[in-house]
Amino acid sequence: MLFSKLKETQDAERRTRRLDRLAEPPEAGHELFVGFSSLRDTFSRHHHSRDFAFAHSRYLRSRVLALGIIFAILSPLWIVVDALVLPTELLKYTLVGRVVLILGLVAVLLLALYSQERIRRIRFCAGMLLALPAAFYTLVLLMLPPHELHNLVGYGFIPFLLVASLSVFPFTILESLLAGIAMLALQMFSQMVDGSWLTGQGAEAFWLLSSLLAVSLAANHFQLSLLLRLYRQATHDPLTGLFNRGALEVHLTKIQAWQRDTEGLDSAGSVPCSLLMLDIDHFKRINDTYGHSVGDGVLCQFAEVLIGQTRKHDCTARYGGEEFVVLLLGSGQARAMEIAERIRFAVEAFEFRDRERQRISLTTSIGVTQLMQDEPAQEALKRADEALYRAKHAGRNRVVAAESPPLS
């Protein structure tokens, strides 16, 4: 009996701490702060959402195309420099490599050009843009006779150029660090080949390359954290942290395109999607009674309830004011009605609190419709809104299904 009461007390304390945390305004942390506190988000892609991954890949693709064009133009021009500087007997070692390098760069450019929404291909292109010049330099070092190395002019800058190029790309710190370590290994190999390893000149060059890598890592951190901040400001509601209306509409269009792409891949047809339009009942009364700060806290807590009742691959957005939208991926109309009822019950049972820790009774009305792949996303939102309107006029705190959309 004593153990049961102790457990109840601990549960109550945990709920109180959670409510206190929910009532606080959103922190200006992680993606919103451009500084070292955002190191977790810029270190690796582990905490990035899939939607941001698409935005990141489009930005990365533009950098790949720009730098790839520069490399592809400079590489053939360097053949002229080789012809002027290198002895004739060395040209046979560099000319073939240069031609292969140019063809490789052109292939990377073409692949990036036709991989607009292919995240893995774009990352592969970015990696190859750095790997091809490094492989060319390594091949020249391996093929060139040792006694001719002192005649190889203008090639030692390649590791420095590639490390500097890291700062152009919005790579994560981990990705740039791995690439930088590879360049340091290439520099060490070249010094072992030409005999400058463990000499004063070699140590100076190695230190300079390491310093340049540190600058590139810092540039990657600030560039990626800025990109995260701008992305979040453009796509997320600053109060609740959910998608905003514009981002929701873009996401709906992507889902419909994905539905069309997957249609016919299995006998069941395309994956169904449903929309829930939710409205907090009598929300104006909360603002008038408790103040707007408590109303903001209620909106944040309501958003937490929605996230807790949906899956990771579903989409939850603040549509405007006290209206929210939930996109249920893979759920037909019947399943969506079940989830909507579950959300309605969870909101009714949740203990919303005011400043004095007094409970605020809260309910929600929900309109449900199915998202059709061949209709404008606005049509589905309009149907869900009309169903929500009927739920309001039927007494609130209820779920109403929209009328079936017309068949195309």
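## Salt bridges

Twelve salt bridges are counted, a salt bridge being a side-chain nitrogen of Lys or Arg within 4 Å of a carboxyl oxygen of Asp or Glu. This is a predicted model, in which local features need pLDDT of at least 70 and side-chain atom pairs count only at pLDDT 80 or more, while totals for chains, interfaces and linings use all residues. Residues are numbered from 1 along each chain as its sequence is written, and side-chain values use heavy atoms, with hydrogens and water left out.

One of the salt bridges joins Asp279 and Lys392 (2.4 Å, N to O). Asp279 belongs to strand 1 (residues 273–280) and Lys392 to helix 13 (residues 377–393), so the pair ties together parts that are 113 residues apart in sequence. Helices (H or I, at least four residues) and strands (E, at least two) are DSSP runs, numbered from the N terminus. Asp279 is buried at 8% relative accessible area, and Lys392 is buried at 16%; buried means under 20%, exposed over 50%, and partly exposed in between (1.4 Å probe, protein chains only).

## Nonpolar core

The largest nonpolar core has 38 residues. Such a core is a set of buried Ala, Val, Leu, Ile, Met, Phe, Trp, Tyr and Cys residues joined through side-chain atoms within 4.5 Å. Leu60, Val64, Leu105, Leu129, Leu162, Phe169 and Phe171 touch the most other members. Helix 5 gives the most to this core, with eleven residues. Apart from this core lies another, of 31 residues, including Leu242 and Phe324.
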